[in-house]
Amino acid sequence: MQGATMGTLVSGTSQKNLFAGEDFPLDPTPWELAAEADQLAAQVVFNKPLDVPFSYLVPDPLRDMLVPGQRVRVPFGRGNRPTVGFCVGVGPVPQTQRALKTIESVLDREPLLSPMMLELTRWIADRYLCSWGQVLDTVVPAGVKKNSGTRVVQVFELTEAGRARLESKEKLPAKQQAVMDALRGATRPMRGEDLAEAAGCGTAPIDGVRKKGWIRVLRERSAVAEPEQLEVETQSDLKLNSDQLRALQAVVSTLRKGEHKTFLLHGVTGSGKTEVYIQAIREIVSYGRQAIVLVPEISLTPQTIRRFRSRFPSVAVLHSHLSDAERHWQWQQIARGEVQVVVGARSAVFAPTPHLGLIIIDEEHETSFKQDTAPRYHAREVARQRAMMEKIPLVLGSATPTLESWARVQRKQDELISLPKRVESRPLPPVIIIDVRNDIRCSRGAAIGRALENAIRQALSQKGQVILFLNLRGYSPTVWCRTCGEGVKCPHCDITLTWHKDRNIALCHSCDYEHPTLMACPKCGAAGLRYLGIGTQKLEAEVRATFPEARVVRMDSDSMKRPGSHDEALEQFRHGEVDILLGTQMIAKGLDFPNVTLVGVVNADTMLHQPDLRASERTFQLISQVAGRTGRGERGGRVLVQSCCPTDPSIQKAAQHDYRGFVQNEMKHRHEVQAPPFRVFTRIIVRGPKEDDVREFALQMARVMKEAIAQMSLKAVEKAAATAAANPPAEPPRRGTLTIASPKPQAPPSEEVRLLGPAPCPVAKLKDHYRYHFQLSAATLEPIQQLWHEVAPLFPKSEEIEYVVDVDPINMR
């Protein structure tokens, strides 16, 4: 495909020899050489898995319009299909053997991406082993590309003839002269109503000069009214304690030096990390600069938004629930420098801030900062690279930082700032682990054991509020056939169906396949299916039955689908209109309710036994984060954690609020198994509709990679041997000294790449595609990148089978 698209005009063009009937090259004439030298070529990339830019001629009418960062429409491929791509460079025509195709049109009046953002997207493509065009297409929101929420309006500007007329100083009718003078003083084309107002005239004088050819009409898009904003009251900054002041001073000092540094702000839940963020932002806003604050999508609650809008007059919020028109409006405001603070989820790291001064990532341990579709970037690493390029600080905040971030602190790559105490020296809540293996209620299928039930009654009797956490949606997570002895699975995925009692269906949480209530097993036809396990719907039913006088609200992705329902539920809880709030992860983070005196973790084991090397880490983080929702007021609070594995180290350490102890144990384990943060992982997933074909394709890929790894190891050994030969020992060993024979030169550990697999994925079938995966690991990413670029062109080709590359994978299912 590349050869069909690329090419250039060669100087020695082939001409027909009319006498001999042959082609032979003729020397170019001077005017041909001059014309060639004056041509420009644009480098264009596409949203396709193609590694290199394609060259296109820039026609004369577009030469003054085209700059890198704009989109263009070009003919692509053998059929010259009109295709949209991004211009990433403009320069001399390259010397190739094919005639270049010509750009058809430029789609954007202004570049959508700055030179710095183009450089950042190039880095993302290199690091995450995907194409530059795929990254660019992801970075620019669909609403921006479609100009959503805009209308086409007419604008006017002077023509060359009009400028010449003004220079001649010939008299014009007063109204027409006023029109011409208004346009001469304008910095950009003017809308008709603005021009009429500036010239103090109606439409007739404007039409008059237009008909004379002195001004021309253009069409441009104008944004509609801004989206509705939350109304908030302005608040003053809070007084910081000594730990917060020390943290703020460390960040501000780096800000004032105008240099890059990454800070890991490790603060217990309720230690006031957000106030440190806000006052650091206050500093950079005073310089006329902007800040980006990334928070997990699930934590992007109205409460979080109000915190920032109550302190800063201009805050843009970017999240997945924005319409295309709203996202486009926010993008324009940010790009014009009219926004002080950008608060958003993962993709907000690409906000087009022209005066960026600080990037903050709150809850940096959250897995939602990793994108699970191409390009599979991690917002933390992209933010780190952007901060380095902009020479600004990056602040990573968490009560439970990832082991990767902690390792960077230990290696002195990042600086640690600690907030070890809660604000106003409030104590951390006591965490009690409840062993439910012998609980009578739980053994009968109940969600709430005796101890938790008694604690809830006590909290309600004292007019306190309760939060119950369960990270499983639906009523029963498993539909079980006693005859088959296994769960009923989705026909399209290797996943058991979940029963949703409110809709009376069995639902697949991966592909959304649904089946009416099953009366018999689809596999064996036996009746008497059982619904096993406890989801949030069953928990809600049990809570309402056990505590009939309590006001209960459930928050999960099923119950919070209506626009505004999330904010409405939290406001009811804030004002004491709800006694028990139960739900999934959306209640685990970012909530601050002083009247919560009890938090119950209904099942702490849901993530503990997943086939994932980070299962223990995630269990620790989740319990710690949920526990942080209580004890934030004068009344204090406590946490009850129900578990069938009460002695597990991650649960024990979370109950003790002992992050450093957990890290020490987990780091030791990771080092023993050579897992991140001591090795870099890259996962390759092969998927297709036929399992045998997918398996064979994966085996062929593995064979290609094994051969390349062997070649890389051999080269590394030869290089090590050559280095040793060029640098002999300074002194030979003395006579009589015991000497040990040197081993054969080995590849340096940093250059060693290990291949594991292929094997079926833990979820072997997903959305009608069978899945195999294998894993590459190395001490650093560079050898993996080198290997991939060598082997990717050698992989087998198939129209039905595809593979995806995931650098630093988070989701291992």
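Which residues of helix 18 are buried? They are T536, Q537, K538, L539, E540, E542, V543 and T546, where buried stands for under 20% relative accessible area, exposed for over 50% and partly exposed for what lies in between, with a 1.4 Å probe and protein chains only. The model is a predicted one, in which local features need pLDDT of at least 70 and side-chain atom pairs count only at pLDDT 80 or more, while totals for chains, interfaces and linings use all residues. Residues are numbered from 1 along each chain as its sequence is written, and side-chain values use heavy atoms, with hydrogens and water left out.

Of the contacts (heavy atoms within 4.5 Å) with a separation of 6 or more, 75% are between residues 24 or more positions apart.

Helix 18 covers residues 536-546, and because 8 of its 11 residues are buried, this helix is largely enclosed by the rest of the structure. The elements that cover its buried residues include helix 16 (440-443), helix 17 (450-461), strand 19 (465-469), strand 22 (498-500), strand 26 (552-555) and strand 27 (580-583).

A second open sheet has 7 strands in the order 13-14-12-15-16-11-17, with parallel pairing. Its edge strands are strand 13 (315-318) and strand 17 (415-419), each of which pairs on one side only, and here the twist averages 20° from one strand to the next. Strand 12 (residues 290-294) is largely enclosed by the rest of the structure, because 5 of its 5 residues are buried. In a regular strand the side chains alternate between the two faces of the sheet. In strand 12, Q290, I292 and L294 point one way and A291 and V293 the other way, and all are buried.

Strand 12 is joined by 5 bridges to strand 15 (residues 356-362), the two running parallel, and L294 stands opposite I361 of strand 15. Strand 12 also pairs with strand 14 (residues 341-344) in the parallel sense, over 4 bridges, with A291 opposite V341 of strand 14. Elsewhere in the sheet, strand 11 (residues 262-267) and strand 16 (residues 394-398) run parallel and are joined by 5 bridges, and L265 stands opposite G397 of strand 16.

The axes of helix 6 (residues 160-168) and helix 7 (residues 174-184) come within 11 Å and cross at roughly 110°, axes being lines fitted to C-alpha atoms, for helices over the stretch in contact, and angles running from 0 to 180 degrees between N-to-C directions. The contact is made by G162, R165 and L166 of helix 6 together with Q177, M180, D181 and R184 of helix 7.

E381 lies in helix 14 (residues 379-390) and is buried, with a relative accessible area of 15%. Its side chain makes a polar contact with that of R384 at 3.3 Å, a polar contact being a pair of N or O atoms within 3.5 Å of which, within protein, one must be able to donate a hydrogen and the other to accept it, residues adjacent in sequence counting only if both atoms are side-chain atoms. Leaving aside neighbours within four places in sequence, E381 is in contact with W123, R127 and Y128.

Most residues other than glycine have a negative phi, and most peptide bonds are trans. E363, in the loop between strand 15 and helix 14, has a positive phi of about 55° although it is not a glycine, and E363 is buried at 8% relative accessible area. S425 likewise has a positive phi, near 55°, but counts as exposed at 59% relative accessibility. A cis peptide bond joins P676 and P677, with omega about 10°.

Methods:
Two strands pair if DSSP finds at least two bridges between them.
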